[in-house]
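User: I would like to learn how to read a ligand site and a domain interface in a model. Please take one feature at a time.

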Amino acid sequence: MIFDTTLRDGEQSPGASMTREEKLRIATALERLRVDVIEAGFPIASPDDFAAVRAVAETVRESIVCGLARAKAEDIDRAAEALRPAARGRIHTFIATSPIHMERKLGLRPEQVLEQAVWAVRRARQYTDDVEFSPEDAGRSDPEFLCRIIEAVIEAGATTVNIPDTVGYSVPEQFGALIRRLIEQVPNSDGAVFSVHCHNDLGLAVANSLAAVSQGARQVECTLNGLGERAGNAALEEIVMAIRTRRDFYELNLGIDTTHIVPCSRLVSTITGFPVQPNKAIVGANAFAHESGIHQDGVLKSRETYEIMRAQDVGWDTNRLVLGKHSGRNAFRTRLHELGVTLESETELNETFQRFKALADKKHEIFDDDLLALVTDVEWSSANEHLHLVALRVSSETGEIPRAQVTLRVNGEERQLEANGAGPVDAVFKAIAQCCAADAELLLYSVNAITSGTDAQGDVTVRLAAQGRIVNGQGADVDIILASAKAYLNALNKLMDPAARAHPQYGEI
Ligand code: KIV
Ligand code: ZN
């Protein structure tokens with residue numbers, strides 16, 4: 001089983017917070033990918049998290065929808081409440097079991113932890129027959145204690161037992177052996193599915209997960225693009241394609257529709273603003289590109305000489321040329337719908353359609369990724385705009401200092417400012433920051449071409465930090481200076497939005 005936690009653990013990447021609408025779009029795409037379980041969030045963490053899990057539970061019909069809960073009454077009750085409309089809902093409860101976590105974080109003795117785990121599973125079972133239990137930091141826990149707690153939670157009704165390598169400390173041979181030992185030593189292990197959840201601090205999350213699969217784990221928790229806390233989680237696309245490509249070795253079948261992998265990966269990257277590195281396995285732009293003459297020659301003679309997977313099997317040809325200048329509103333709406341985007345109001349549809357027409361005037365071929373970038377732009381600008389770009393003028397000439405003039409509407413009031421910079425983007429950012437008296441630290445600035453060709457839209461990500469919060473802003477345009485200004489304003493708008501959340505796991509709870 002593939003358990004996707006992009007919307008929960010993935011969202012714990014600094015700056016990857018998603019809105020309810022964004023989570024819904026990703027959940028719809030995950031369902032199309034046919035993942036078995038979608039972990040939609042941590043309902044107790046904030047009202048927004050609750051609302052997002054509730055919305056996913058209302059929308060998704062095929063995949064199981066899961067909510068995370070600490071082993072506490074208020075968490076479990078809140079998760080159950082969020083999951084109430086789900087066709088198939090799962091409560092995932094956890095408590096730490098490693099000596100360091102039990103002593104220093106929880107201040108509990110092992111016996112107390114065991115008791116609380118059993119109590120939590122029983123409470124969750126009052127709401128649903130589908131209960132998952134995780135001994136957090138299992139990778140550094142005493143295997144004998146793990147056996148005892150696992151036996152007890154299965155006895156109490158846990159139907160999935162997930163073994164997390166929370167801090168990414170394990171190595172494959174040892175982690176695989178741990179899973180085998182637990183399955184063999186726990187007397188009632190046949191009463192639950194054994195699952196793994198590996199973090200990538202040593203770059204071993206996928207290797208550890210696969211080692212566990214080869215030793216009997218039958219659920220893998222993973223995220224698209226390997227998004228997640230710190231160095232991230234095991235990457236869904238790598239787990240799925242390893243098991244599928246090496247069916248001869250694993251002898252397992254997955255229900256995943258792999259042709260949706262690349263579109264899903266792009267959607268997550270667009271929404272979170274976390275670009276995918278070009279040499280990333282499966283979903284990186286170069287994953288199927290053959291550069292050396294020897295390789296190209298071999299592939300032309302017989303694809304299998306250098307390719308172990310087909311690009312189209314993971315959805316590389318699905319960034320279809322979709323619409324052009326003459327496409328109408330219906331075709332536009334239909335394609336958005338196929339991409340999992342439903343615009344809530346006619347006004348939003350009209351605004352997005354106008355932007356599409358403006359883009360089609362500049363760029364003849366509009367691809368799916370162009371449309372997704374457009375929608376992300378509109379969703380943010382219509383919902384949360386404190387700062388609005390009215391006009392931008394930039395001069396950049398050989399031998400001259402780049403200069404930008406920015407006109408902004410700041411909470412309804414129009415202001416204009418000019419600034420010099422090391423380059424045109426630097427000048428624009430300085431002018432914007434002065435214009436709205438922003439005091440945020442720039443952590444990241446990156447530009448990627450959304451499609452090929454010099455008329456491609458530049459997709460800009462700007463990561464800002466202020467007052468303990470980190471946000472990602474995005475902007476797309478065929479003019480990358482304008483795209484940069486949009487991304488910077490998008491990030492500033494998120495920082496100014498009182499409803500935007502702090503880091504979901506560590507918010508006020
Ligand atoms: O990494 C971890 O231990 C987790 C648990 C909540 C499963 O994310
Ligand atoms: Zn985790």
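Predicted model: local features only at pLDDT ≥ 70, side-chain atom pairs only at ≥ 80, totals over all residues.

**Ligand site and domain interface**

Analyst: We can start with the ligand.

User: How far is a polar side-chain atom of Asp9 from an oxygen atom of ligand 1?

Analyst: The separation is 3.0 Å for Asp9. In the side chain of Thr166, an N or O atom is 2.6 Å from an oxygen atom of ligand 1. For the side chain of His197, the corresponding distance to a ligand 1 oxygen is 3.1 Å.

User: How much of ligand 1 does the protein bury?

Analyst: On its own, ligand 1 exposes 260 Å², and 96% of that is buried by the protein.

User: Now the domains. Which domains does the assignment give for the protein chain?

Analyst: The assignment lists domain 1 (2–272), domain 2 (288–318), domain 3 (329–379) and domain 4 (382–496). Take domain 1 and domain 4, whose C-alpha centres are 37 Å apart.

User: How is the size of an interface often given?

Analyst: It is often stated as the accessible area lost when the parts come together. Here domain 1 and domain 4 bury about 460 Å² between them, with 34% of it on carbon and sulfur atoms. Within domain 1, the residues that lose the most area to domain 4 are Pro14, Gly15 and Thr270, which together make up 66% of what that side buries.

User: How many residues of domain 1 and domain 4 are in contact?

Analyst: On the domain 1 side there are 7, in contact with 5 residues of domain 4.

User: Which polar interactions and residue classes are found there?

Analyst: Between domain 1 and domain 4 there are 0 salt bridges, while 2 residue pairs are in polar contact across the interface. The side of domain 1 that touches domain 4 has 3 nonpolar, 4 polar and no charged residues.

Terms used:
Residues numbered from 1 in each chain as written. Chains lettered and ligands numbered in written order. Heavy atoms only, no water. Domains from an automatic or database assignment. Contact = heavy atoms within 4.5 Å. Buried area = accessible area lost by both parts, 1.4 Å probe. Salt bridge = Lys/Arg side-chain N within 4 Å of Asp/Glu carboxyl O. Polar contact = N/O pair within 3.5 Å; in protein donor to acceptor, adjacent residues only side chain to side chain. Nonpolar A, V, L, I, M, F, W, Y, C, P; charged D, E, K, R; others polar. Areas by Shrake-Rupley, 256 points an atom, 1.4 Å probe, with all protein chains shown as cover.
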